[in-house]
Amino acid sequence: MDLMIESLPRLLNATKLTIELTLLSLFFGIFVGVFFAILRTSKNRVFYFISYYYSYIFRGTPLLVQIFIIYFGLGQVEWIRESFLWIVLKEPYSCAILAFTLNTGAYSSEIFRSAFETINKGVVEAAKGLGLNRSHTFFKIKLPIAIRQSLPAYGNEMILMLKGTSLASTVTLLDLTGVAKHIISTTFRPVEVFIVAGSIYLIMTFIIHNFIKFLEKKYSY
Amino acid sequence: MGLLAYGDTGWGDELFFATLMTIAVAAAAMFIGFFLAAIFASFKLSKSKTLNLIGSFYTTVFRGVPELLVIYLFFFGSSGAVMYVARIFGYDGYIEVNAFLTGALSIGIISGAYSTEVFRGAIQSINKGQFEASQVLGFKKKIYYYKIIIPQMLRLALPNISNVWQITLKDTSLISVTGLVEIMRMSYIAAGSTRDPLFFYSFAAVLYLFLTFLSLKLFNKLEQHYSKGY
């Protein structure tokens, strides 16, 4: 019990980094996801294949491999170390965000793609019939429907990403899991630390879950 | 290509056996998960409120907490727990629990939480008439579960079981932090001693892609097989 109270401030402090990593990756990931979802629906074969294999590779391999390739692997290439990319790739923090963004982008692109595909054709035709131009149809009709469609699946993806940020601890970052591991390995009291750190994660999942539920209600029709 | 040579000069054979280890851990974890899922799915479907609560607690905790944290709990906790029990029986030495066992157990418990939801959903989606008809025909509960409900349930659950298998397979990469020599750990060792992390981690990615591709094909075959009558 003492250890639980003692470790709480340190774990809460580390939670800041976990939240930061989650929000930044999700933010960038949405753009990556929408971009590849649009490529996927394109009629150009090359764009289609790029998008298809991007999502196939990032969904078919563990996140740990992706982080290790970006953090340990890319630093080995001479021309990358000499280019501007090195500013991003030399820090574990930006490497982790890059890996998380690409990972969540792959999953989100599938979610957004299927949301766009389920839009009723009649709605798009009606928009055409009313004389709306392409960008109006996209932003005023298709996008709102697609957002509403993808909310439940995207909520799951947000929770998966929150859990995924725990892998930042494997590249020396001290996020919630990283600090929890450090406390466990110095005190050898895994159960107490697990209860505290696990509860913090569960509270965050709970918040995301209810946030999505709220949005679903707000945008239901 | 010399890096992947078979035998003492390259890492081909080591990585081959590491791949087998990944498959073995994933299969063991999946098996443990099914066992747990059978128990907890029945808890979630039972009429008792307490059992419902226990079932929900299990699935919420192990689907909401990062896999890595669960692995650390078992990795650091298991030898402590075993030594505690051994001390009651009068043994006072240090006992180390096998890395395969802790790995399969921790991933299995996570995998079981996902499988529980799959099983529950599949049983719930079976038409109520099926249960009623079996009762009217006078089947005993055990028999109609094994002969009527479970075969139908498996067909419905197969696509989702395939998803859980993919998740479990990818989660095994996290066991590498405990030192079990599966694909990720072997790549780490190879990358360290050859100073070529880009090659070995990329090769690990290829191995995982190969495994996920292969299992997808297998599950498609199974799905075809079990939907023959429909």
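Colleague: Which hand does the crossing of H2(B) and H4(B) have?
Modeller: In this predicted model, H2(B) and H4(B) cross in a left-handed manner.

Colleague: Which residues make that contact?
Modeller: From H2(B), the contact involves Gly55(B), Tyr58(B), Thr59(B), Phe62(B) and Arg63(B). H4(B) contributes Ile109(B), Ile110(B), Ala113(B), Tyr114(B), Thr116(B) and Glu117(B).

Colleague: And how many of them are nonpolar, polar or charged?
Modeller: The contact residues of H2(B) and H4(B) comprise six nonpolar, three polar and two charged.

Colleague: What are the angle and the axis separation?
Modeller: Helix H2 (residues 49-64) and helix H4 (residues 99-124), both of chain B, pack at an angle of about 125 degrees, and their axes are 9 Å apart.

Colleague: Turning to chain A, what is phi of Thr172(A)?
Modeller: Thr172(A) has a positive phi of about 70 degrees, although it is not a glycine. Thr172(A) sits in the loop between helix H8 (134-164) and helix H9 (176-187) of chain A.

Colleague: Is Thr172(A) buried or exposed?
Modeller: Thr172(A) counts as exposed because it has 11 C-beta neighbours inside 10 Å.

Colleague: What about phi of Phe188(A), and where is Phe188(A)?
Modeller: Phe188(A), a residue other than glycine, has a positive phi near 55 degrees. Phe188(A) is placed in the loop between H9 and helix H10 (190-218) of chain A.

Colleague: Why does Phe188(A) count as exposed?
Modeller: Phe188(A) has 12 C-beta neighbours inside 10 Å, and the cut-off for exposed is 12 or fewer.

Technical notes: Residues are numbered from 1 along each chain as its sequence is written. Chains are lettered from A and ligands numbered from 1 in the order in which they are written. This is a predicted model: local features need pLDDT of at least 70, side-chain atom pairs count only at pLDDT 80 or more; totals for chains, interfaces and linings use all residues. Helices (H or I, at least four residues) and strands (E, at least two) are DSSP runs, numbered from the N terminus. A residue is buried if 20 or more other C-beta atoms lie within 10 Å of its own, exposed if 12 or fewer, and partly exposed in between; C-beta atoms are placed from the backbone. Axes are lines fitted to C-alpha atoms, for helices over the stretch in contact, and angles run from 0 to 180 degrees between N-to-C directions. A crossing is left-handed if the near helix is turned anticlockwise from the far one by less than a right angle, and right-handed if clockwise. Two residues are in contact if their C-beta atoms, placed from the backbone, lie within 7 Å. Ala, Val, Leu, Ile, Met, Phe, Trp, Tyr, Cys and Pro count as nonpolar, Asp, Glu, Lys and Arg as charged, and the others, Gly among them, as polar.
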